[in-house]
Amino acid sequence: RARAAIDEHARLVPDFPSPGVEFKDLTPVLADADGLAAVVDALAHACAGAELVAGIDARGFLLGGAVARQLGTGLVAVRKGGKLPPPVIGVDYQLEYGTARLEIPADGIDLAGRRVAVIDDVLATGGTVVAATRLLEQAGARVDTIAVIMELAGFPGRAMISAGAGPGVRVHNLCLG
Ligand code: PRP
């Protein structure tokens, strides 16, 4: 059902972000009531057993909250650097172009030993989800699942996760892009 909704509603943008690349914009999928329900159901199914959901800044927030409600868990927003009040813990990571930083609060959230599912919209190089996983694990959590709507073909996302987050982390996508 999620796959059908994505096929029906994703907006195809030619030559973006670079010539020859066809970008799949998932915004209209989430704007459709059935599309949102199908995507959230499928992500929640992939994350069954999680004790906490982590949504990655920014589009992972849209999904993470809904998935957490579906699973009956709490939600941690993994934020881009500089947004949270101190104290924070953070990791710097490499983007396709340049570097970035993800942070979570250092106080107030008990992550020790908790089984966490990481949610985002797209998996490309894997740099973002690996950084989020490292960050959560640094805080004591156990990330066992990474779930995304779309995994981009031609990017080393899975290999990066396996190398950077460990081979035991399950990776789920609802479609390939
Ligand atoms: C996009 C996307 C993922 C990440 C995937 O976010 O939402 O978070 O890139 O890429 P990667 O697998 O190569 O790390 P972006 O950094 O564009 O931020 P945004 O959600 O704030 O737009």
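## The largest nonpolar core

In this predicted model, the largest nonpolar core holds 28 residues, and those that touch the most other members are Leu102, Leu111, Val116, Val118, Leu136, Ile146 and Ile161. Two or more residues each are given to this core by strands E3 (52-56), E4 (74-80), E5 (88-94), E6 (99-105), E7 (115-123) and E8 (142-151), and by helices H5 and H6 (157-165). Helix H5 supplies the largest share, six residues. In soluble globular proteins, nonpolar side chains tend to be buried together.

## Contacts of Ile161

Leaving aside residues up to four places away in sequence, Ile161 touches Leu123, Val129, Val130, Ile146, Gly166, Val169 and Val171. One of these partners, Ile146, is also listed with Ile161 among the residues of the largest core that touch the most other members.

## Thr133 in helix H5

Helix H5 spans residues 127-138 and contains Thr133. Thr133 has a relative accessible area of 0% and is therefore buried, the cut-off being under 20%. Its contacts, not counting residues up to four places away in sequence, are Val118, Val143, Ile146 and Ala165. Of these, Val118 and Ile146 are named among the residues with the most contacts to other members of the largest core.

## Gly157 in helix H6

Gly157 lies in helix H6. With a relative accessible area of 1%, Gly157 is likewise buried. Beyond residues up to four places away in sequence, Gly157 touches Leu123, Ala124, Thr125 and Gly126. Leu123 is also a contact of Ile161.

Gly157 and Glu51 are 106 residues apart along the chain, and their C-alpha atoms are separated by 24 Å.

## The chain as a whole

The protein chain contains six helices and nine strands. Its radius of gyration is 16 Å, close to the 16 Å that the globule rule gives for 177 residues, so the chain is as compact as a globular protein of that length. Along the principal axes, the C-alpha atoms fill a box of roughly 45 × 35 × 30 Å. Of the contacts between residues at least 6 apart in sequence, 63% join residues at least 24 apart.

## Burial, surface and charge

Buried residues account for 42% of the 177 residues in the chain. The chain exposes about 8,700 Å², of which carbon and sulfur atoms supply 54%. The chain carries 16 positive and 20 negative charges, and the mean positions of the two sets are 3 Å apart.

Definitions and conventions:
Residues are numbered from 1 along each chain as its sequence is written. This is a predicted model: local features need pLDDT of at least 70, side-chain atom pairs count only at pLDDT 80 or more; totals for chains, interfaces and linings use all residues. Side-chain values use heavy atoms; hydrogens and water are left out. Helices (H or I, at least four residues) and strands (E, at least two) are DSSP runs, numbered from the N terminus. Buried means under 20% relative accessible area, exposed over 50%, partly exposed in between (1.4 Å probe, protein chains only). Contact means heavy atoms within 4.5 Å. A nonpolar core is a set of buried Ala, Val, Leu, Ile, Met, Phe, Trp, Tyr and Cys residues joined through side-chain atoms within 4.5 Å. The radius of gyration is taken over C-alpha atoms; the globule rule is 2.2 Å times the number of residues to the power 0.38. Accessible areas come from the Shrake-Rupley method with a 1.4 Å probe; for residues, only the protein chains shown count as cover. Lys and Arg count as positive and Asp and Glu as negative; His and the chain ends are not counted. The place of a charge is taken as NZ of Lys, CZ of Arg, CG of Asp or CD of Glu.
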